[in-house]
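Hi everyone, thanks for coming.

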There are 2 protein chains.
Amino acid sequence: MSKDLGVTAEKQDAFSEWYTQTIVKAELIEYTDVSGCIVYRPASFAMWEAVQAFLDAEFKKLGVQNAYFPSLITESLLNKEASHIEGFAPEVAWVTHGGKSELSERLAIRPTSETVMYAAFSKWIRSHRDLPLLLNQWTNVVRWEFKHPTPFLRGREFLWQEGHTAHANKEDAEKEAQIILDIYKRCYEELLAVPVLSGRKSEKEKFAGADYSLSLEALFPNGKAIQACTSHHLGQNFSRAFDISFQDVSGKKEFAWQNSWGFTTRSLGVMIGVHGDDKGLVLPPRIAPIKVVVVPITFSKKPEVSAEVVSLAKKLCDENGWHLDDRDHHSPGYRFAEWELKGVPVRLEIGPRDLEKKVVVVSRRDQDGKEEIAVDNISSHVETLLEEIQSGLFLRAKQKLDSSVVDVSSLDQLKEVVFSGKLARAPWCGSEESEEEIKKVTGAKSLNMQGPTSDKCFVTGQKAQGVFVFGRSY
Amino acid sequence: MSKDLGVTAEKQDAFSEWYTQTIVKAELIEYTDVSGCIVYRPASFAMWEAVQAFLDAEFKKLGVQNAYFPSLITESLLNKEASHIEGFAPEVAWVTHGGKSELSERLAIRPTSETVMYAAFSKWIRSHRDLPLLLNQWTNVVRWEFKHPTPFLRGREFLWQEGHTAHANKEDAEKEAQIILDIYKRCYEELLAVPVLSGRKSEKEKFAGADYSLSLEALFPNGKAIQACTSHHLGQNFSRAFDISFQDVSGKKEFAWQNSWGFTTRSLGVMIGVHGDDKGLVLPPRIAPIKVVVVPITFSKKPEVSAEVVSLAKKLCDENGWHLDDRDHHSPGYRFAEWELKGVPVRLEIGPRDLEKKVVVVSRRDQDGKEEIAVDNISSHVETLLEEIQSGLFLRAKQKLDSSVVDVSSLDQLKEVVFSGKLARAPWCGSEESEEEIKKVTGAKSLNMQGPTSDKCFVTGQKAQGVFVFGRSY
């Protein structure tokens, strides 16, 4: 394989360079002349479609309905909830002109859709009978960040779903926020084979306008943590600002209790970073658009046998997700390397000698080595293999994550742990002052709260809110 | 039913008012504080999802892959193809600021994505082996028009798919442009039950940057025509501007031949306008999110019988697309009217007396009258009924369209025909001068070309390009 085709950076030593080379060379993305705005090429968009299919089915089971709200939001509407606009104002992309005319009020491209959706919720909700209102949309959003963009992980435009719900009471809303987080966790673990830490964000790290935020956090091989997705309980903050009120059963006026929750294309970047190796992508079978590639090995000197080989290869590719690579202008070696780069879970080779022996040579992307399998058994063998690869990738990553969480009891220890590429765990008070001190002294941020504790805060010695994990983070 | 719930305008006499009342009262849309930007509520978005499912499956059969390109396009990139920017410049929404910073170059929100996609095509296409390249994306687009907006039919933001393809030769490209138009036609006719006129647009009405455009055209009951969707053959106009070139089999450099094609949420507005009646929406079953509504009629004086009625109604609603309406705080009459307004194809009522007789009372939305059907046969009866309604709605609209096309041989006749709410058909030269004259004298536009002719142009007396249809149009 030419250097140009393959990834030249080593994942362990140069993660960022490895990541960037991999996603470009595996044809997942293309850069454009707008920084932070990328093309999702078919290979990555098909993975996003698999995420959509998984989540959308789960949402619909809960009675969530899809809708579409405008991408353009008036400045006055965006300003309606104070802490929300404070959080988003620095990164809003503003439309000021339509054709040659200056607009009378500038318009934000949605950075998120609470404001435009809740203005409508306010019109629709009158009675307790209108609740719960459970809506979701699959859209693009624009956040004009000035931090260095990284495809999938941080960009100025990304794709996501945003769910927005209104409930008659706090209890129902809080229950739903957790149910959604659990669905997200299943998507990460069952589809993307990525283990995550599930819990509540700190006060400082919560969503602008939320009572509190729940999150999933993942760990990259370079020791950096990354927020995988969030589910926010908004309390009555927006319902009071937007007058989303209803008559309860007794006829009394109440404000609705709300949640919002989102899952983005960042999830693909997390999956790529967790599983890839020095040869490129390693895709869990359930997310892989091509699960099996079949490469017939032909020889121009034996045209008849070659035709038979190709014919058998073609026949195998009747199965969904099996791809035939009969490009005979590339050598088998070149083709093998390309499919390794692209992370296809299983490769089958068939040559004239295999044809004679009625076998197929099977290689799996996540392990070295090849084995010969009888043609007659190939379909069920590969099916089992795909399941093995899926669960194997998850288990390997899970062991890595579990062994990376280290209990600490001082800021010095925390610093040492996060600089060794691990995550620190400690009972913590969760205060904003304390979070700023941790950041200043160690460079780490709180990720989320893993559970309750009766211990005292490891920084202030005061009552702990719970046990938190900390890490250097994206 | 209260006046507030029902549609008060008559479709025949006040089409615009009827249309607007219907889509709002049937809860298909909500207005926002940005003119021309609407909310697609779950009832209409579910129909869009049905359109997406239909078209996406057809595209994938052709080998078209989905992708996603950024929504923001630099001004310099947008300017690259001269006639394209000339056509779109007046209606571009411009982003000038990110947060508090002014951008160094302003960015267009995509009005369509030729430019951003073809900049990437130019990087990806090197050899004839890279062709055909067949990509599609499902997105929002923004066109800042100053004409009066009408939900679905004309708005500043709408949803669509845009397919963009590159081929090794003109013949392949032209063939594909027609295949796509035929898929669009099937979507209109088989899914939306809307008959259309299929053909080539005139020079003046073609897409900005195309060699020629193909279109489907539909007819509203008010006698106005509406362009239903388009498929453009771009020739080499963009491939030359963006240097999308390849080495052909003999090693010679060639520019690619291209198409672009789009299908928008306008299709829902066309379907609504064609089928609705004075009670509101009339939905063809295949596009209806709720195909059958089951209304149990209960009496508080007979709680045990009522429970049995509701239990039977619930059992029926196990089927996909069957909806139970057991809201006993609304009278049966109110509920019937609401589902009529919302266009649900079939309504079933079950009361205590029906329970005794083991029958269900069946009403179809497209016709008056009720009939009693044995409970045991209800499922297969309704299935047949839904098919009858689907084909019946199409046939009724097809007869209306067919009888509305009138051959003319002078501008006076054309004017008379279009003002009587019909479409005029005539052999025509297709020139821009002649089109302007027709517009000036009659108020009508050319819709598309139905076929060849050996007759002379009805305006100029010169050689006709073909037989065209003309109409007053949206």
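Let me start with a question for you: is B:D277 buried, partly exposed or exposed? Keep in mind while you look that this is a predicted model. The answer is that B:D277 is partly exposed, because its relative accessible area is 26%, and the cut-off for buried is under 20%. Its partner sits in another setting. The side chains of B:R365 and B:D277 meet in a salt bridge, with N to O at 2.7 Å. This pair ties together distant parts of the chain, 88 residues apart: B:R365 is in the loop between β18 (359-364) and β19 (370-374) of chain B, and B:D277 is in the loop between α8 (266-275) and β15 (292-296) of chain B. B:R365 has a relative accessible area of 8%, so it counts as buried.

Stay in chain B for another pair. B:E338 and B:R327 form a salt bridge, and their closest N and O atoms are 3.3 Å apart. Here too the pair links distant parts of the chain, eleven residues apart, with B:E338 in helix α10 (residues 332-341) of chain B and B:R327 in the loop between β16 (322-324) and α10 of chain B. Why does B:E338 count as buried? Because its relative accessibility is 10%, and the limit is under 20%. B:R327, at a relative accessible area of 23%, is partly exposed.

Now over to chain A. The side chains of A:R347 and A:E349 meet in a salt bridge at 3.1 Å, N to O, and both of these residues are buried. Chain A also has a network of salt bridges that links A:E27, A:D325, A:R327, A:E338 and A:K342. Over all chains, the count comes to 57 salt bridges.

Next, the place where the two chains meet. How many residues of chain B are in contact with chain A? There are 52, and they touch 52 residues of chain A. For those of you new to interfaces, their size is often given as the accessible area lost when the parts come together. Chain B and chain A bury about 4,200 Å² between them, and 62% of that is on carbon and sulfur atoms. On the chain B side, B:P42, B:Y68 and B:W124 lose the most area to chain A, together 14% of what that side buries.

What about polar links between the chains? There are four salt bridges between chain B and chain A. In one salt bridge, the side chains of A:E49 and B:K60 meet at 3.5 Å, N to O. Strand β5 (residues 93-98) of chain B gives the largest share of the chain B side, six residues. By class, that side has 30 nonpolar, twelve polar and ten charged residues.

Let's zoom in on B:E30, which belongs to strand β1 (residues 29-31) of chain B. With a relative accessible area of 13%, B:E30 is buried. Its side chain makes a polar contact with the side chain of A:W124 at 2.5 Å. Beyond residues up to four places away in sequence, B:E30 touches A:A120, A:K123, A:W124, B:I38, B:V39 and B:R41.

Last stop: the domains. Chain A is divided into domain 1 (15-275), domain 2 (292-384) and domain 3 (405-471). How far apart are the C-alpha centres of domain 1 and domain 3 of chain A? They lie 27 Å apart. In this pair of domains, 15 residues of domain 1 of chain A are in contact with 18 residues of domain 3 of chain A. The two bury about 1,300 Å² between them, 58% of it on carbon and sulfur atoms. On the domain 1 side, A:L197, A:R200 and A:K204 lose the most area to domain 3 of chain A, together 38% of what that side buries.

One salt bridge is counted between domain 1 and domain 3 of chain A. The side chains of A:E205 and A:K445 meet in a salt bridge at 3.8 Å, N to O. By class, the side of domain 1 of chain A that touches domain 3 of chain A has four nonpolar, five polar and six charged residues.

That's my tour, and I'm happy to take your questions.

Definitions and conventions: Residues numbered from 1 in each chain as written. Chains lettered and ligands numbered in written order. Predicted model: local features only at pLDDT ≥ 70, side-chain atom pairs only at ≥ 80, totals over all residues. Heavy atoms only, no water. Domains from an automatic or database assignment. Contact = heavy atoms within 4.5 Å. Buried area = accessible area lost by both parts, 1.4 Å probe. Nonpolar A, V, L, I, M, F, W, Y, C, P; charged D, E, K, R; others polar. Helix = DSSP H or I, 4+ residues; strand = E, 2+ residues; numbered from the N terminus. Buried < 20%, exposed > 50% of the residue type's maximum accessible area, 1.4 Å probe, protein only. Polar contact = N/O pair within 3.5 Å; in protein donor to acceptor, adjacent residues only side chain to side chain.
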